Each structure stands twice: as structure tokens, then as C-alpha cells.
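Hi,

Here is the structure I promised to pass on. Have a look, and my notes follow below.

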Amino acid sequence: MSTAAPLLFVLIWSTGFLVGRGVAAHADPFWFLAARFVCVASAFTAAALWARVAWPRGARRIGWHLLAGALMSGLYLGPSWWAMAQGLPAGIMSLIGALQPLFTALIAVAVLQKRLSGRTWAGLALGFGGVALVLLPRLQATDAGALSLPVVLVAAGSILALTVGSMVQKSPLATGDLRSASAVQNVGAVLVLAAMALVFGQPHWDNTPLLWGYLAFAVLVLSIGGATLLIWLMRHGEATRTTALLLAVPPLSALQAWLIFDETLSAVQLVGFVVAIAGVALARSR
């Protein structure tokens with residue numbers, strides 16, 4: 001499990017932007033996300049009740065779970081999808097998302113008083129450089145002057161929310177059975193996303209089979225599969241080493257876009273892919 005889980009997590013997580021790209025033409029992103037996490041919360045609730053596992057008790061413990069879900073899913077996905085809907089290119093969003101391991105390392109050092117090895121810092125820098133090479137063609141095609149600073153700040157804030165939410169998973173108050181804990185956490189996500197849908201959303205849902213397929217994939221694979229793996233990895237590993245895996249997500253997403261959407265994949269992107277993977281391996285090595 002310790003070997004397979006990181007590989008499976010990266011593979012699943014890398015499909016997230018592809019789903020977001022596909023959903024955009026069929027439904028309002030906020031209402032789609034709210035529906036997604038209602039389904040996820042319901043699924044975990046049913047699983048916890050069927051298995052008769054213990055539920056989080058006490059206001060503080062429940063509050064931590066709600067906070068983790070609100071940060072990891074609600075305040076991460078909602079603002080990041082909103083930023084892309086406002087014109088932020090997916091390549092820029094991917095590059096901003098690759099800052100999460102750095103955010104995690106800085107929080108670990110500045111707040112948690114942890115010491116990270118030079119190898120870890122070098123791996124993070126190498127991985128981020130590889131991500132930049134993979135996204136270089138998209139970055140060159142983007143007019144930096146046309147980017148709205150508030151939109152970029154919202155996107156960066158969404159990654160910071162994911163970072164803090166992931167680290168909350170290591171709090172003793174956020175422990176417990178994954179099924180019941182995930183049920184409560186996804187309620188936190190629903191509360192945030194439902195509020196965003198009511199304020200910013202538009203009543204757009206074309207009800208096509210493709211849209212329902214996207215919803216099923218997002219619920220079963222991205223949330224129940226990918227998010228649960230991330231929580232498991234955070235609970236069983238060191239935060240910086242776990243989030244270093246996210247540096248491999250943009251290169252793998254670019255590779256999938258080449259296979260599925262016939263996007264171009266240049267030599268410099270292939271070099272960036274290798275560099276990013278090498279950085280992840282270096283940052284995760286002991």
C-alpha cells in the first residue's frame with residue numbers, strides 16, 4: 001500500500017483539470033461541485049452506517065473535520081474553478097498549484113518548527129522547475145499583462161487552502177475512521193460550495209449523459225478515490241514528502257491531454273516531465 005498509494009494518487013489527481021475542462025461546456029462549475037460533494041458525503045455516510053464505525057464526537061473534533069473538508073474541497077476547488085472561469089489559463093492554474101509543496105514546506109518550518117533536509121528543498125526546487133518547463137508553451141502563449149491580479153490571488157489562495165486543509169489531517173482532532181471522518185468533512189465542503197453556488201453560480205445543467213458521466217467519475221474516482229488517498233497519505237507520512245507528489249500532477253496532466261485531446265507535446269515538455277519526476281523522487285527520498 002505504501003508503494004502503490006502514491007502512484008495511484010498522482011494518476012487520479014492528474015485527471016482533475018481534464019474533468020474541469022470537460023464540465024465547463026455542460027454545467028455551472030459551482031452547482032456541479034456542490035452536487036458532486038453532496039453525492040460524496042452521502043456515499044461515505046452510507047458506508048459508515050453500513051460498517052457501524054465510530055463517528056467523530058465532541059464539538060472540537062467535529063469542527064476540525066468540517067474545517068478540513070471546507071478547506072481541502074470547498075475553498076480549494078470552488079475558487080480555483082472560479083478563477084479559470086474568469087479567464088485564468090489552466091496552465092497558469094497548474095503552475096500555481098505546483099506551489100503547494102513549497103507552501104507546505106514553509107508552514108512546516110515557520111509554524112511547526114520542523115527542519116527539512118537540503119535534499120528535500122533541492123527536490124522541491126527541481127520539481128517546480130520541471131513543472132515550469134512542461135507548462136512553458138502555455139505560459140508563452142499567455143499574455144501576462146491581461147491576467148487580473150485579484151483572480152491570480154484567488155487562485156493562489158485556493159492552493160493555500162488545500163495546503164492548510166491537508167495539514168489539518170495530521171491533527172489528532174482530525175483522526176478517526178476514514179469513512180465517518182470523510183462523511184463529516186464532505187459536509188463541510190458542501191456548505192462552502194452550496195454558498196458559492198447561490199452567490200456566484202448560474203442555473204446551467206444540460207442533463208446530458210456525458211455530464212452525468214463526468215459527475216460519476218468526479219464522485220467515485222476523484223473524491224472517493226483521490227481525496228481519500230491524499231488523506232491516507234497525509235495521516236501515514238510526512239506532510240512535505242506527501243505534497244511533493246503533486247509536482248508530478250501537471251506533467252502527467254499534459255501527457256493525458258496529449259493522448260485524449262491531441263494537444264501538442266514538445267521536446268522541452270518531455271524534458272520537464274523527467275525533471276519534475278526526478279524532483280519528486282529527490283524530495284521524497286530519505
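Let me start with α9, where the buried residues are Val151, Ala155, Ser158, Ile159, Ala161, Leu162, Thr163, Gly165, Ser166, Met167 and Val168 (buried being under 20% relative accessible area with a 1.4 Å probe, protein chains only; helices being DSSP runs of H or I, at least four residues, numbered from the N terminus). This helix has 20 residues and spans 28 Å from first C-alpha to last, close to the 28 Å expected at 1.5 Å a residue (that is, 1.5 Å times one less than the number of residues).

Some ground rules: this is a predicted model, with local features needing pLDDT of at least 70 and side-chain atom pairs pLDDT 80 or more, while totals for chains, interfaces and linings use all residues. Numbering runs from 1 along each chain as its sequence is written, and side-chain values use heavy atoms, leaving out hydrogens and water.

On confidence, the chain averages a pLDDT of 81, and 87% of the residues score at least 70 (pLDDT is the predictor's per-residue confidence, 0 to 100). Helix α12 (residues 239-243) is lowest, at a mean of 67, and α3 is highest, at 94.

Now the cavity: there is one of 30 Å³ or more (grid points, 1 Å apart, where a 1.4 Å probe fits but cannot get out; lining residues have an atom within 4 Å of a point; volume is the space filled by probe spheres on the points). The largest cavity holds about 510 Å³. Of its 36 lining residues, Trp13, Met72, Tyr76, Leu77 and Leu162 are the closest to the centre. α4 gives the largest share of that lining, nine residues.

Cheers

Notes
On a 1 Å grid over the protein atoms alone, a cavity is a set of points where a 1.4 Å probe fits but cannot get out, and a pocket is an open set with protein on both sides within 12 Å along at least five of seven lines; lining residues have an atom within 4 Å of a point. Helices (H or I, at least four residues) and strands (E, at least two) are DSSP runs, numbered from the N terminus. Buried means under 20% relative accessible area, exposed over 50%, partly exposed in between (1.4 Å probe, protein chains only).
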